[in-house]
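This report looks at aromatic rings, nonpolar cores and strand pairing. Please have the sequence and the fold at hand.

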Amino acid sequence: MICVKPLFKIVTMAIKLTERAAKQICNQLENEGKGLALKIGFKQSGCSGFGYTFDYVDKIEENDELFVTHNAKILILKENLPFFEGAELDFVKEGLNSSFRFNNPNVENACGCGTSFGLKISEET
């Protein structure tokens with residue numbers, strides 16, 4: 001059973017979360033000893049235009065959309081939902097490095113180093 005404050009509705013997932021990513025989110029929140037959810041967004045960054053942002057937050061803002069899967073809570077700004085539609089967030093380990101990794105069909109191009117990307121912009125978004 002998932003308990004969420006009733007004044008916020010849970011909507012159909014715009015983003016898919018793997019079990020590994022959900023486990024990492026829950027572990028990070030537990031290790032911090034505080035926090036409610038992982039807020040995902042993007043900002044202008046790098047040579048291709050944008051970079052993802054990841055912030056652990058303590059509260060849900062009015063303009064946030066809440067998603068819950070595998071007991072992990074994710075927040076995305078409502079205005080950014082079209083850019084995350086159909087995306088999958090995973091948590092991967094490669095050697096000594098580990099990080100969240102997106103598979104996002106809304107990404108048009110990415111830079112060579114993989115840290116920034118360009119978004120498909122349509123007239124609907």
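## Terms and model

Buried means under 20% relative accessible area, exposed means over 50%, and partly exposed lies in between (1.4 Å probe, protein chains only). Helices (H or I, at least four residues) and strands (E, at least two) are DSSP runs, numbered from the N terminus.

This is a predicted model: local features need pLDDT of at least 70, side-chain atom pairs count only at pLDDT 80 or more, and totals for chains, interfaces and linings use all residues. Residues are numbered from 1 along each chain as its sequence is written, and side-chain values use heavy atoms, with hydrogens and water left out.

## Aromatic pairs

There are 9 aromatic pairs in the structure. Rings of Phe, Tyr and Trp (its six-membered ring) pair if their centres lie within 6.5 Å; planes under 30 degrees apart count as stacked, over 60 as edge-to-face and the rest as tilted. Phe42 and Phe84 make a tilted pair, because their ring centres are 6.1 Å apart and their planes meet at 45°. This pair joins distant parts of the chain: Phe42 sits in strand 2 (residues 37-45) and Phe84 in helix 2 (residues 81-84), 42 residues apart. Phe42 is buried at 19% relative accessibility. Phe84 is buried too, at 0%.

Phe54 and Phe102 are stacked, because their planes lie at 25° with centres 6.0 Å apart. Here strand 3 (residues 49-57) supplies Phe54 and strand 7 (residues 97-103) supplies Phe102, 48 residues apart. Phe54 is partly exposed, with a relative accessible area of 31%. Phe102 is buried at 17%. One aromatic cluster includes Phe42, Phe54, Phe84 and Phe102, along with Tyr52, Phe83, Phe91 and Phe100.

## Nonpolar cores

A nonpolar core is a set of buried Ala, Val, Leu, Ile, Met, Phe, Trp, Tyr and Cys residues joined through side-chain atoms within 4.5 Å. The largest core has 21 residues, and Ile15, Leu17, Ile40 and Ile76 touch the most other members. At least two residues each come from strand 1 (15-17), helix 1 (19-32), strand 2, strand 5 (72-77), helix 2 and strand 6 (87-94). Helix 1 gives the most, with 4 residues.

Contact means heavy atoms within 4.5 Å. Not counting residues up to four places away in sequence, Ile76 touches Ile15, Ile40, Asn63, Asp64, Glu65, Phe67, Leu81 and Phe84. Another core, of 6 residues, lies apart from the largest one; among its members are Ala37, Ile60, Val68 and Leu75.

How many residues of strand 4 (residues 64-69) are buried? The count is 6 of the 6, so strand 4 is largely enclosed by the rest of the structure. Asp64, Leu66 and Val68 point one way, while Glu65, Phe67 and Thr69 point the other way.

Two strands pair if DSSP finds at least two bridges between them. Strand 4 and strand 5 pair in the antiparallel sense over 6 bridges.

Gln24 lies in helix 1. Gln24 is buried at 18% relative accessible area. Beyond its neighbours within four places in sequence, Gln24 contacts Tyr56, Phe91 and Phe100.

Leu89 belongs to strand 6. Leu89 is buried at 0% relative accessibility. Leu89 and Ile15 are 74 residues apart in sequence, but 7.3 Å apart in space, C-alpha to C-alpha. Leaving aside neighbours within four places in sequence, the contacts of Leu89 include Ile15, Leu17, Ile40, Phe54 and Phe102.
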